[in-house]
Amino acid sequence: MWYFLNVIFNILNKKIYNYFPYPYFVSVVHLFVGVVYCLVSWAVGLPKRAPIDSKLLKLLIPVAVCHALGHVTSNVSFAAVAVSFAHTIKALEPFFNAAASQFILGQQIPFTLWLSLAPVVIGVSMASLTELSFNWTGFISAMISNISFTYRSIYSKKAMTDMDSTNIYAYISVIALIVCIPPAIILEGPQLLQHGFNDAVAKVGRTKFISDLFWVGMFYHLYNQLATNTLERVAPLTHAVGNVLKRVFVIGFSIIVFGNKITMQTGIGTCIAIIGVAIYSYIKAKMEEEKRQMKTA
């Protein structure tokens with residue numbers, strides 16, 4: 001379900017950008033639909049809303065701000081370049097995670113882990129050099145989203161709590177929505193009112209436009225919710241491998257659906273990057289497993 005929802009989200013998202021190139025507004029819609037879904041869920045008691053205090057709110061705000069920034073910049077990237085290429089750049093996320101762990105958190109990263117990241121960097125570089133849809137807006141935005149999501153994972157570790165993942169993700173979505181609204185109004189508001197909405201309605205019709213925005217928001221929220229719930233239910237190794245395979249699915253399906261022409265070098269670079277992420281994920285999850293066993297021993 002996680003893969004299925006993620007693939008559908010990525011394809012529908014790119015189709016919207018092909019006739020409505022306003023990533024800041026679409027990012028707000030993603031979060032808004034998710035927040036409405038959470039409020040309705042809370043109202044009917046599925047799940048029961050967990051109370052939040054000022055201490056937990058202070059811990060969740062940095063997580064939500066990084067989530068908002070990472071989400072918006074991902075969407076700017078998806079709007080600017082091919083979905084397959086955006087996901088290839090986003091395969092660099094483990095590299096930023098490792099760098100942050102070593103230089104910000106002061107954790108010692110073994111040499112084997114750094115070595116496993118070499119093919120990721122080489123693969124992304126190869127893919128970037130000959131990517132037909134390459135532009136700097138898409139590339140830099142995807143890089144900023146990598147850094148944002150790295151900081152999100154650092155702050156998430158600090159905000160570890162007894163609250164269940166469904167409630168935590170709901171609160172993060174609410175805060176992230178509040179963060180995303182002002183830049184969307186400032187950067188895209190005037191254009192949207194002048195011609196953005198009218199152009200989209202003229203191209204696809206009002207009903208399709210509204211239903212596309214609703215469904216892309218639903219798929220975005222549900223795939224994130226399922227990813228969080230999956231992490232709760234499986235070992236880190238299973239989740240890490242699952243995350244890599246998810247990227248393969250998305251890249252493969254987006255190339256088929258959009259008929260993106262990719263050069264041989266971009267294809268090889270993407271494969272090398274994905275293999276690198278798989279090796280890194282395997283080594284890192286093994287290390288986590290050994291740490292856990294040492295604690296229980």
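Predicted model: local features only at pLDDT ≥ 70, side-chain atom pairs only at ≥ 80, totals over all residues.
1. Packing of α2 against α8. Helix α2, residues 23-44, packs on helix α8, residues 165-204, with an angle of about 140° between them and their axes 6 Å apart. Angles over 145 degrees would count as roughly antiparallel; α2 is therefore oblique to α8. The crossing of these two helices, α2 and α8, is left-handed. In the contact of α2 with α8 there are 21 nonpolar residues, two polar residues and one charged residue.

2. Packing of α2 against α3. Helix α2 also packs with helix α3, which spans residues 54-80. Here the angle is about 130° and the axes lie 9 Å apart, so α2 and α3 are oblique to each other. The crossing in which α2 passes α3 is right-handed, whereas that of α2 and α8 is left-handed.

3. The loop between α2 and α3. P47 is located in the loop that joins α2 to α3. The peptide bond leading from L46 to P47 is cis, and its omega is near 0°.

4. Packing of α6 against α11. Helix α6, residues 111-130, and helix α11 pack at an angle of about 160°, and their axes are 7 Å apart. Since angles over 145 degrees count as roughly antiparallel, this makes α6 roughly antiparallel to α11. The crossing of α6 and α11 is left-handed. By class, the residues of the contact of α6 with α11 are 16 nonpolar, nine polar and one charged.

5. A273 in α11. Residue A273 belongs to helix α11. Its relative accessibility is 0%, and A273 therefore counts as buried. A273 and V124 are 149 residues apart along the chain, while their C-alpha atoms are separated by 5.9 Å.

6. N167 in α8. Residue N167 is part of helix α8, the helix that packs against α2. N167 counts as buried because its relative accessibility is 1%. Although 117 residues separate N167 from A50 along the chain, the distance between their C-alpha atoms is 6.5 Å.

7. D212 in α9. Helix α9 covers residues 206-233 and contains D212. With a relative accessible area of 8%, D212 is buried. The sequence separation between D212 and H30 is 182 residues, and their C-alpha to C-alpha distance is 11 Å.

8. F149 in α7. F149 lies in helix α7, which comprises residues 136-158. The relative accessible area of F149 is 11%, so F149 is buried. F149 and Y171 stand 22 residues apart in sequence, with 17 Å between them in space, C-alpha to C-alpha.

9. Burial of α4. Helix α4 is mostly covered, with eight of its eight residues buried. The buried residues of α4 are V83, S84, F85, A86, H87, T88, I89 and K90.

10. Burial of α5. Helix α5, residues 93-103, is likewise mostly covered: eight of its eleven residues are buried. These buried residues are E93, P94, F96, A98, A99, A100, S101 and Q102.

11. The cavity. How many cavities of 30 Å³ or more does a search of the whole structure find? One such cavity is found, and the largest cavity holds about 50 Å³ of space. Its lining consists of S84, F85, T88, E131, I251, I255, I262, T266, G267 and T270. The elements that contribute two or more residues to this lining are α4 (83-90), α10 (236-258) and α11 (264-296). By class, the lining has four nonpolar residues, five polar residues and one charged residue.

12. Links between the points. The residues S84, F85 and T88 are among those that line the largest cavity, and S84, F85 and T88 are also among the buried residues of α4. Helix α11 gives two or more residues to the lining of the largest cavity, packs with α6 and holds the buried residue A273. Helix α2 takes part in packing with α8 and with α3.

Definitions and conventions:
Residues numbered from 1 in each chain as written. Heavy atoms only, no water. Axes fitted to C-alpha atoms, helices over the stretch in contact; angles between N-to-C directions. Helix = DSSP H or I, 4+ residues; strand = E, 2+ residues; numbered from the N terminus. Parallel < 35°, antiparallel > 145°, perpendicular 65-115°, else oblique. Left-handed = near helix turned anticlockwise from the far one by under 90°. Nonpolar A, V, L, I, M, F, W, Y, C, P; charged D, E, K, R; others polar. Buried < 20%, exposed > 50% of the residue type's maximum accessible area, 1.4 Å probe, protein only. 1 Å grid on protein atoms, 1.4 Å probe; cavity = no way out; pocket = protein on both sides within 12 Å on 5 of 7 lines; lining within 4 Å. Points joined across faces, edges and corners; volume = space filled by probe spheres on them.
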